[in-house]
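Please keep the sequence and the structure in view while reading.

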Amino acid sequence: MDPDTEAVLDAIGPRLRALRRNRGLTLEALAATTGISVSTLSRLESGHRRPTLELLLPLAKTHRVALDDLVGAPPTGDPRVHLEPLRKHGRVIVPLTRYPGRIQVFKQVLTPREPQLVTHEGYEWFYVLAGEVRLLLGDEEFLLRPGEVAEFDTARPHWFGPADGVAAEVLHLFGPRGDQAVVRAGPQATAAAAAPETAPAPSTRPAPPRHAHPGPVS
């Protein structure tokens, strides 16, 4: 085995131990979550057992980190970000993050389509980059222009798309379990008081049955 590969493998154990301790997990708790025995986890962390893909995948999922981050793979020398656009439900979706189980971030190009209210588990937040976006939320309707933001619980009936038949672009965050972005900073109270009055919150009404939702399809 070449020295570079040896160094990468040797660094995985300490990284696994640091991740576990930072999350406040015992070996027993981690074993219960991943299905990997306590003895195997201990040997991985101490470097007495070589990590395999079969062992690293459940650990990456439990710690909510990308596999590359867990392994600490060396850089390839190519600084370019290779994004792979997807076409789904009449729109172009460009995934910007690939962290399993976390809030996902996408850039979306919304193309004209017929409105159809849907519900599913999760929480959505989107920022309009270009064009105008029509948002239907329950029995309310909103028009968003570039620079404006919408956020809502996806358990409520909703749909959004271009407002005028011309494609629009949004930056879209989706929390698969209802996760919301945590705001740590914002305008001062005086600025907030001077801000124009926002539209009232949409009224709540019974939602139709929920459907499974693997990604942003609103």
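Which residue in S6 is the bridge partner of Leu 135? The bridge partner of Leu 135 is Phe 142. The model is predicted, so local features need pLDDT of at least 70 and side-chain atom pairs count only at pLDDT 80 or more, whereas totals for chains, interfaces and linings use all residues. Residues are numbered from 1 along each chain as its sequence is written, and side-chain values use heavy atoms, with hydrogens and water left out.

**The chain as a whole**

- The protein chain has six helices and nine strands; these are DSSP runs numbered from the N terminus, helices being H or I with at least four residues and strands being E with at least two.
- Of the 218 residues in the protein chain, 32% are buried, where buried means under 20% relative accessible area, exposed over 50% and partly exposed in between, for a 1.4 Å probe and protein chains only.
- Among contacts between residues at least 6 apart in sequence, 65% join residues at least 24 apart; a contact means heavy atoms within 4.5 Å.

**The open sheet S6-S5-S8**

- Three strands form an open sheet in the order S6-S5-S8, with antiparallel pairing; two strands pair if DSSP finds at least two bridges between them.
- Strand S6 (140-144) and strand S8 (158-162) stand at the edges with a single partner strand each, so one side of each has no neighbour in the sheet.
- On average, neighbouring strands of this sheet are turned by 15 degrees against each other, direction ignored; axes are lines fitted to C-alpha atoms, for helices over the stretch in contact, and angles run from 0 to 180 degrees between N-to-C directions.
- Strand S5 (residues 133-137) is joined to S8 by five bridges; Arg 134 stands opposite Gly 161, and Leu 137 stands opposite His 158.
- S5 and S6 also pair over five bridges in the antiparallel sense.
- The hairpin of S5 and S6 has two residues between the strands, and Gly 138 in the turn has a positive phi of about 65 degrees.

**Leu 136 within S5**

- Four of the five residues of S5 are buried.
- Leu 136 lies in strand S5 and counts as buried at 14% relative accessibility.
- Leu 136 and Leu 117 are 19 residues apart in sequence, and their C-alpha atoms are 7.5 Å apart in space.
- Leaving aside residues up to four places away in sequence, Leu 136 touches Pro 115, Leu 117, Glu 141, Pro 157, His 158 and Trp 159.

**Strand S9 and its partners**

- Strand S9 (residues 168-175) is largely enclosed by the rest of the structure, because six of its eight residues are buried.
- Seven bridges join strand S3 (residues 104-110) to S9 in an antiparallel pairing, in which Phe 106 stands opposite His 172.
- Strand S4 (residues 123-130) pairs with S9 over seven bridges, also in the antiparallel sense, and Ala 130 stands opposite Glu 169.

**Helices H2 and H3**

- Two packed helices are described by the angle between their axes and the distance between the axes.
- Helix H2 (residues 27-34) and helix H3 (residues 38-46) pack at an angle of about 115 degrees, with their axes 9 Å apart.
- H2 and H3 are therefore roughly perpendicular to each other; angles under 35 degrees count as roughly parallel, over 145 as roughly antiparallel, 65 to 115 as roughly perpendicular and the rest as oblique.
- Leu 27, Glu 28, Leu 30, Ala 31 and Thr 34 in H2 meet Val 38, Leu 41, Ser 42 and Glu 45 in H3.
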